[in-house]
Amino acid sequence: METSAGPGRIPGLDLMKVLGLYLVVLYHLTFRHAQDVLGGGLLSAAVYLPSTFVSICVPLFFTASGALSLTRPLDLKKNTLRCLHLAVLLLFWTGASLLIVLALRHQWPGFRELVTMATELRVGYIQHLWYLPTFLFLTLLLPVLHGLKNSSRRIWRYGVLLLGIFTFGNQLLNDLEYLLRWLLGLGGHAGTRYFFWYVDYFAYHYWYSPIYLALGAFLLENRHSLARRKKLAAGAIPLCLVILTLFGVARTAVRGMAYDPAFNNYGDPFTLLLTAAVAVLLLDLQPRGLVRRAAESMSRCSLGIYLIHWLLIEVLLDYFPAVPEAVVWAPLTAIPVLGLSWALTALLLRVPVVKNLFTATPDWLRSAA
């Protein structure tokens with residue numbers, strides 16, 4: 001998740017991660033309170049609309065990661081060692097996070113149930129850790145993607161297009177089915193349909209993530225020409241929000257239950273377009289002074305922030321429940337939660353040995369021959 005330091009650092013990528021971190025914290029403060037997008041008519045839809053912007057939180061991380069990992073030389077040995085390190089982090093943080101959450105809630109489910117909760121990343125406890133195995137998978141896949149991209153651009157584009165059709169294309173077909181059912185008054189349908197039948201071996205949630213890696217590489221390689229499309233990018237943002245809101249209304253009406261505008265939209269083509277539009281606007285920025293240093297520091301601390309903020313929110317839920325219950329104040333509440341997570345991570349990254357638990361690229365890996 002971290003970008004490498006040095007003179008070649010790209011401030012726009014740091015800013016993408018800062019925005020992504022803020023939106024992640026905001027989402028984790030609010031997702032327990034599903035929005036009634038239908039109860040208040042246009043007013044409810046107007047309130048729901050800005051929440052669809054949160055859907056770019058994790059895609060921004062994947063995009064920033066792809067911008068670097070797919071445009072710079074790859075060392076297979078270091079990448080393999082990084083995968084081993086990520087596997088250790090996954091095991092450690094799954095156990096540690098679950099035990100901390102259970103301790104804060106004064107619960108003990110028994111050892112067998114504890115193992116089950118850990119292996120399934122139990123929703124309501126540690127589901128946020130889905131990111132770690134996904135990031136590990138992407139890192140394992142990186143040499144293949146890297147080799148494909150650098151060996152034949154035509155085959156690379158073909159592969160990205162094929163994967164995009166089976167993932168984002170399938171999501172779009174689901175969106176359109178829900179929209180049609182809503183317009184025709186046909187309910188009784190829920191879940192995700194796989195339109196490509198058994199041909200689609202990229203089903204379920206996470207195969208969309210390599211597309212964001214490819215998007216990041218494309219945006220970085222073409223950032224100077226794309227910088228001339230800022231007005232187009234700015235115009236695409238409200239358009240995507242409106243369309244995502246329309247699909248959210250349709251899905252809520254057909255399903256009879258609120259539709260999560262963030263996690264359920266990571267694989268939506270309009271979230272992909274929204275991510276690209278925001279990235280185009282951020283990549284060309286050149287902050288200076290304190291803002292630049294703060295963004296760089298937060299980017300380096302991004303993994304630790306992601307791991308720690310969930311536990312801080314758990315403290316709020318268990319001991320100060322009125323704070324997360326005040327959803328209207330969540331955009332402000334997210335700021336101190338993000339700030340404290342950042343401060344704790346920055347502090348822990350100074351502690352020998354312990355610091356390796358808060359970074360995907362420890363010092364020993366950077367210096368590996």
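A nonpolar core is a set of buried Ala, Val, Leu, Ile, Met, Phe, Trp, Tyr and Cys residues joined through side-chain atoms within 4.5 Å, where buried means under 20% relative accessible area with a 1.4 Å probe, protein chains only. Here the largest such core has 95 residues. This is a predicted model, so local features need pLDDT of at least 70 and side-chain atom pairs count only at pLDDT 80 or more, while totals for chains, interfaces and linings use all residues. Residues are numbered from 1 along each chain as its sequence is written, and side-chain values use heavy atoms, leaving out hydrogens and water.

**The core**
- Inside the largest core, the residues with the most contacts are L13, M16, V58, F62 and L98.

**A279**
- You'll find A279 in helix 11, residues 269-283 (helices are DSSP runs of H or I, at least four residues, numbered from the N terminus).
- A279 has a relative accessible area of 0%, so A279 is buried.
- Beyond its neighbours within four places in sequence, A279 is in contact with M16 and L219.

**Helix 6 meets helix 8**
- Helix 6 (residues 131-151) packs against helix 8 (residues 209-221) at about 50°, with axes 10 Å apart (axes are lines fitted to C-alpha atoms over the stretch in contact, and angles run from 0 to 180 degrees between N-to-C directions).
- That angle makes helix 6 oblique to helix 8 (under 35 degrees is roughly parallel, over 145 roughly antiparallel, 65 to 115 roughly perpendicular, and the rest oblique).
- Among the residues making this contact are L138 and L141 of helix 6 and L213 and A217 of helix 8.

Terms used: Helix = DSSP H or I, 4+ residues; strand = E, 2+ residues; numbered from the N terminus. Buried < 20%, exposed > 50% of the residue type's maximum accessible area, 1.4 Å probe, protein only. Contact = heavy atoms within 4.5 Å.
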